[in-house]
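Dear colleague,

I am handing over the structure below, and after it I set out what I found on going through it. Please read the notes alongside the coordinates.

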Amino acid sequence: MADLDSQNEEIEALSAIYSDEFKVINELAREYSILVKAENSPNITIEIRITLPSNYPSQTHPRFEFKSKAASNDDIDLLNDNFQRIWNENKGESVLFLWVEFVREYMQVMYVNDNVETAEANSNQSHEAAEKVEVIDNCPHIDHGQPLTDRKSTFQAHVAAVQTGEEAKTVVKSLLQNRKIANATHNIMAYRIKDEKRNVFAQDCDDDGETAAGGRLLHLLEIVGAMNVIVVVSRWYGGIQLGPDRFKHISNVARECLVQTGFITQDNKKKSKK
């Protein structure tokens, strides 16, 4: 009876929180649906179908499935793994809200507004600048991503494999040898390095004046399971304020560069801890 009471309280709370996004599929079978929409891109959605077993939450987690035209198989695999992780960390407790908010947070990081144009002239200029980076001694190889331009602001990611915090500092120092990168309005940085012996992560981030951007970039590395890598995103401000879109662009160019350089793969998505 305690499980049923917990379920009823949880369903009542979810209905109040998510309103029209929450639907009852079959009350008798305890089947429900929650629709999660990407911020500023309402056509991108992931529907979470939930069935509550009689012994949830005391003994087992809800059954779930995802329905989405936007999510790839890799996305679904990562969501499955993280739902299981969240349950393992909260066994015996209600987890639906945590699950839904993880999907919402994941979509905020992974999906951006499609209303973006990449200007060829700015693209060529940024690539030329990136190719002229003079790597200093003992600096890891640096890859440069495709620039993205929106309303005259340009964003470009730079990625390198690193094993220590000192190597991460060397990468930043090398990038700043380039005048165009050094003159960017912001050079937002995050790195995440695994200490295999102690099974812990050394990580850090820098907003470089773009409030909370470094933390978001670090969270991207965490959520996709990327490790032993530094990512720097340069932003050249074009005079028009972008609002929240700027954070999406920062995440988008970083993610694309991480994919292109092999730091986001099927294997590390499955190993993602968040």
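Asn 187 is buried in this predicted model, because its relative accessible area is 11%, which falls under the 20% cut-off used for that class. The residue belongs to strand E8, which covers residues 186–195, and its side chain makes a polar contact with the side chain of Ser 234 at 2.5 Å. Once neighbours within four places in sequence are left aside, Asn 187 is in contact with Leu 176, Ile 181, Ala 182, Asp 206, Asp 208, Val 232, Val 233 and Ser 234.

Asn 187 stands opposite Ser 234 in E10, and the two strands concerned, E8 and E10, run antiparallel and are joined by seven bridges. E10 also pairs with strand E7 (residues 153–161), again in the antiparallel sense, over eight bridges, and in E10 it is Val 229 that has Ala 161 opposite it.

How many of the eight residues of strand E10 are buried? Eight of the eight, over residues 229–236, are buried, so the strand is largely enclosed by the rest of the structure. Both of its faces are covered: on one side lie Val 229, Val 231, Val 233 and Arg 235, and on the other Ile 230, Val 232, Ser 234 and Trp 236, all of them buried.

As for the cysteines, a search of the whole structure finds zero disulfides. Cys 139 counts as buried, because its relative accessibility is 13%, whereas Cys 205, at 29% relative accessibility, counts as partly exposed.

Finally, a word on confidence, which you will want to keep in mind when using the coordinates. The protein chain averages a pLDDT of 83, and 85% of the residues score at least 70. Over residues 113–129, however, the pLDDT is below 50, although this stretch has 34 contacts in the model beyond near neighbours in sequence. The pLDDT also stays under 50 over residues 266–271, for which the model has 15 contacts beyond four places in sequence.

With best regards

Key
Residues numbered from 1 in each chain as written. Predicted model: local features only at pLDDT ≥ 70, side-chain atom pairs only at ≥ 80, totals over all residues. Heavy atoms only, no water. pLDDT = per-residue confidence, 0-100. Contact = heavy atoms within 4.5 Å. Disulfide = S-S within 2.5 Å. Buried < 20%, exposed > 50% of the residue type's maximum accessible area, 1.4 Å probe, protein only. Helix = DSSP H or I, 4+ residues; strand = E, 2+ residues; numbered from the N terminus. Polar contact = N/O pair within 3.5 Å; in protein donor to acceptor, adjacent residues only side chain to side chain. Pairing = 2+ DSSP bridges.
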